[in-house]
Amino acid sequence: MGVPKVKRILTLTLLAAILATGSATDVFAQKKRAQTVMKFLSAPISARASGMGDALTSIEGGAQSMFYNPASVAWVKGNGEATFGQVNWIADINYQYAGAVLSPANGLYGVFGISLLGVDYGTFTETIFNESNPSSYDIIGNYSPRATAIGFTYARALSNQFSMGANLRYIDQNLVNGAVNRLPGGGYEREQIGAETVSVDFGVFYKTGFKSLNLGMSLRNYGKEITYQLDGQEMPLTFRMGLSMNALDFTSIDPSKHSLLVSLDANRPRDFQEQLMLGTEYLFMNRLALRGGMILPSEEQSFSFGVGVIQPIGKRYGIKADYSYTSFGVFDSVNRIGVQLIF
């Protein structure tokens, strides 16, 4: 690849980064609100990422990166990857996710991905106002809110150092088909409460060429305002910038035997103050990973720990299994498990 072409790629990539930064700055220049809707879209689900304090923006994370920085999907190894996992979230909320990315012709046409995220909020008691007793309600059954997000990802490496990616998601949140009035002949008049929309994620990824230093940036959950009944609220828009590097690059230690990845993300969500996310991952013989991380500031979430096992199968295939534990203050601890298949 000639020098002029590389310069053009660099210029376009930096321009895209500037535009993304400017767009995020304009959006966040608005007054922050106390809450956003469809918050499940920003919940950390990857066991590897959560074990590192959720600092995955500048890390080549494979298929799971569709949920973090879609640009890093461009560096997937081999023909592609598949990932799936589960999160036992606070308040008995459960997440299940799955996804796959394909890299035809060794990424010549880019990398294509599809993802699915499902949320089970648990079972709640349904009540209705008792007209004969203004201070009481009647129990009339149970209901179980659900949410689903289906994503389509495209990422491409513009050179051996730069990549860009985007993720388009269709989102459906079904809260309740709730009873609002009693009918004279029995039964209830019901009203569906929920919403569906489309959101976009955008990311850029840059391998600096200095040792293993990587830079990443992502803008996630960009979409229109959502209206439930008469109340309009915004999506959980989040802007992140991150950097990562193998701290042992400055030693003579063989990186195929030992590596110590250090990652730092700066997180700017719409509905909370700015945060720093710090994570580390020690990798032994490309087989066993030990992780730790933290997020500052955080109201309840404390330190995170994780472990991962990597098992090659032949020369082309492999499997990765990850687990993470996060302390959540007055809430129950959060456990995550995830599996990635390399093919």
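1. In this predicted model, V101 stands opposite G113 in β3; strands here are DSSP runs of E with at least two residues, numbered from the N terminus. Residues are numbered from 1 along each chain as its sequence is written. Local features need pLDDT of at least 70, side-chain atom pairs count only at pLDDT 80 or more, and totals for chains, interfaces and linings use all residues, while side-chain values use heavy atoms, with hydrogens and water left out.

2. V101 belongs to β2, where the side chains alternate. Y95, Y97, G99 and V101 point to one face and are buried (under 20% relative accessible area, with a 1.4 Å probe and protein chains only).

3. β2 is joined to β3 by nine bridges, and the two run antiparallel; strands count as paired if DSSP finds at least two bridges between them. Within this pair, Y95 stands opposite V119 in β3.

4. Strand β1 (residues 80-88) is also antiparallel to β2, with nine bridges between them. N88 has N94 of β2 as its bridge partner. The two strands form a hairpin with five residues between them, and A91 in the turn has a positive phi of about 60 degrees.

5. On the β3 side, ten bridges join β3 to β6, again in an antiparallel arrangement. One of the bridge partners is G151 in β6, paired with S115.

6. The largest nonpolar core holds 31 residues, of which M38, F40, I45, W89, Y95 and L117 touch the most other members. Such a core is a set of buried Ala, Val, Leu, Ile, Met, Phe, Trp, Tyr and Cys residues joined through side-chain atoms within 4.5 Å. Two or more residues each come from β2 (94-102), β3 (111-120), β6 (146-157) and β10 (226-228). Another core, of eight residues, lies apart from it and includes A63, A74, V101 and A155.

7. Not counting residues up to four places away in sequence, M38 touches I171, Q173, A195, E196, T197, Y228, M235 and P236, contact meaning heavy atoms within 4.5 Å.

8. On a 1 Å grid over the protein atoms alone, a cavity is a set of points where a 1.4 Å probe fits but cannot get out, and lining residues have an atom within 4 Å of a point. Among the residues lining the largest cavity are I45, L117, R169 and R220.

Notes: Buried < 20%, exposed > 50% of the residue type's maximum accessible area, 1.4 Å probe, protein only. Helix = DSSP H or I, 4+ residues; strand = E, 2+ residues; numbered from the N terminus. 1 Å grid on protein atoms, 1.4 Å probe; cavity = no way out; pocket = protein on both sides within 12 Å on 5 of 7 lines; lining within 4 Å.
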